[in-house]
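I will jot down what I look up, one topic at a time.

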Amino acid sequence: MKLGSVEHIEMPERRPVEIPQNIESVFTRFDLEECLDTFSVYGLFAIAREANVFPESISTIFDPIIDEETRPVNTQTETSEYRER
């Protein structure tokens, strides 16, 4: 069953995805962008927490989410270290 077939939604055909020759550098760039996103979130969240934009009870809800955002940073760091060896 195709997506949209039950609701009779017309879906245009998609071209096949072309895999670039430099796939490793594409992933590296994506990881670096993820790191920048993560640092931006950390900074904005820290500013909001210090400015008491949200009550502390709401801020603590986001702590596990922020912890999860550290994974791309760890992955990028480990990958960069591996490449330097």
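**Ground rules.** I take helices (H or I, at least four residues) and strands (E, at least two) as DSSP runs, numbered from the N terminus. I am looking at a predicted model, where local features need pLDDT of at least 70, side-chain atom pairs count only at pLDDT 80 or more, and totals for chains, interfaces and linings use all residues. Residues are numbered from 1 along each chain as its sequence is written, and side-chain values use heavy atoms, with hydrogens and water left out.

**Overall look.** I counted three helices and zero strands in the protein chain. Reading from the N terminus, I get α-α-α. I then checked the radius of gyration (taken over C-alpha atoms; the globule rule is 2.2 Å times the number of residues to the power 0.38). The protein chain has 20 Å, whereas a compact globule of 85 residues would have a value near 12 Å. Along the principal axes, the C-alpha atoms fill a box of roughly 50 × 50 × 15 Å.

**Confidence.** I looked up pLDDT, the predictor's confidence in each residue, from 0 to 100. The protein chain averages 81, and 94% of the residues score at least 70. Among the elements, α2 has the highest mean pLDDT (85) and α3 the lowest (78).

**Burial.** I call a residue buried under 20% relative accessible area, exposed over 50%, and partly exposed in between (1.4 Å probe, protein chains only). Of the 85 residues in the protein chain, 14% count as buried.

**Helix α1.** The 28 residues of α1 should span 40 Å, and the end C-alpha atoms are 41 Å apart, which agrees. I listed the buried residues of α1 as Thr 28, Asp 31, Cys 35, Thr 38, Phe 45 and Ala 48. What covers them includes α2 and α3.

I picked out Thr 38, which is found in helix α1. What does Thr 38 touch? For contact I need heavy atoms within 4.5 Å. Leaving out residues up to four places away in sequence, Thr 38 touches Glu 69, Pro 72 and Val 73. Thr 38 has 0% relative accessibility and counts as buried.

I noticed Asn 52, which sits in the loop between α1 and α2. Asn 52 has a positive phi of about 55° although it is not a glycine. Is Asn 52 buried or exposed? At 61% relative accessibility, I put Asn 52 down as exposed.

**Ser 59.** I found Ser 59 in helix α2. With 1% relative accessibility, Ser 59 counts as buried. Ser 59 touches Phe 45, Arg 49 and Phe 54, again not counting residues up to four places away in sequence.

**Salt bridges.** How many salt bridges does a search of the whole structure find? My cut-off is a side-chain nitrogen of Lys or Arg within 4 Å of a carboxyl oxygen of Asp or Glu. The search finds two.

One of these joins the side chains of Glu 56 and Arg 49 (3.4 Å, N to O). I have Glu 56 as partly exposed, with a relative accessible area of 45%, and Arg 49 as partly exposed too, at 26%.

Another joins the side chains of Arg 49 and Asp 63 (3.2 Å, N to O). This pair links distant parts of the chain, with Arg 49 in helix α1 and Asp 63 in helix α2, 14 residues apart. Asp 63 is partly exposed, with a relative accessible area of 27%.

**Helix α3.** I finished with α3 (residues 70–84), which has 15 residues and reaches 22 Å from first C-alpha to last, close to the 21 Å expected at 1.5 Å a residue. Pro 72, Val 73 and Gln 76 are buried in α3. Seen down the axis of α3, the buried residues fall within an arc of 100°, so they line one face of the helix. I take that arc from the directions from the helix axis to the C-beta atoms. On the other side of α3, Arg 71, Glu 78 and Tyr 82 are exposed. What covers the buried residues of α3 includes α1 (23–50) and α2 (56–68).

How values were computed. The expected span of a helix is 1.5 Å times one less than its number of residues.
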